[in-house]
Amino acid sequence: MLMIWRGYGWATLIVFGITWVACLLAMQGIMDAEYYKVNEWPKTIGLIGAAMATGLFGYYLNYKKRAIHVNGETGVTTKSPSHTMFFIPVQYWAIIIPLFFTWAHMKSAETDAKELVLLEAPVSGDRYLVDYSKLLNDYDDKYKYGAVEVSKVSGTNIVVLYSRQASTKKSGARTDLRNGAMDKLDYFDGSGEYTISELIQFKESNAIFAVTRSL
């Protein structure tokens, strides 16, 4: 998407991003690493800090620094155009960006809940997009994103088939799933066995990053 801005509107995402990263690094520096990983509030504080910085940046540009012009003949006072990104004044992005992140987080949590239900009751044909470097020992850390397919379910034990190929990015596995490449007979080869509890642990560690089931 082509970014459209006026004035210093181009700097909006830079100000937000730098402040957010700085807040997150500060939080990581003052608290236990494990505590930071499992709690959301430090990230929320970082988001609030970045929003405040963006709001102040927009206020400075569009209220404190904005030029005022007085017509010498009519005496009419006008202001220079406001600084905008996608035609929206910079200060309003202090609200829009956090709202977007909140919506994305809620959608992610909803997806995780649905996928957890599928993991708790697997059926033959389920497919999991995986990070093999977290799933298997001594796996190539570069070409690590692939898929497994549930071959057999016996009580709490699950037999899966491994994909014969892997990608450097998650998008590679997602593309194979979306375009039907995984439906080819030779896409999966070799097998492994796990328990349902192990699958859930893989999901929690992001070794499994997506779960799908054909209708």
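**View 1. The largest pocket has a volume of about 620 Å³.** Bear in mind that this is a predicted model, where local features need pLDDT of at least 70, side-chain atom pairs count only at pLDDT 80 or more, and totals for chains, interfaces and linings use all residues. Residues are numbered from 1 along each chain as its sequence is written, and side-chain values use heavy atoms, leaving out hydrogens and water. A pocket here is an open set of points on a 1 Å grid over the protein atoms alone where a 1.4 Å probe fits, with protein on both sides within 12 Å along at least five of seven lines; lining residues have an atom within 4 Å of a point. Volume is the space filled by probe spheres set on the points, which are joined across faces, edges and corners. Of the 19 lining residues, Ser108, Asp112, Lys203, Glu204 and Asn206 are the closest to the centre. Helix 4 (93–120) gives the largest share of the lining, 7 residues. Helices (H or I, at least four residues) and strands (E, at least two) are DSSP runs, numbered from the N terminus.

**View 2. The second largest pocket comes in at about 240 Å³.** Its lining is made up of Trp20, Glu40, Lys43, Thr44, Leu47, Phe101, Thr102 and His105. Helix 3 (41–64) and helix 4 are the elements that each give two or more of these residues.

View 3. Just after helix 6, glycine 180 takes a positive phi of about 85°.
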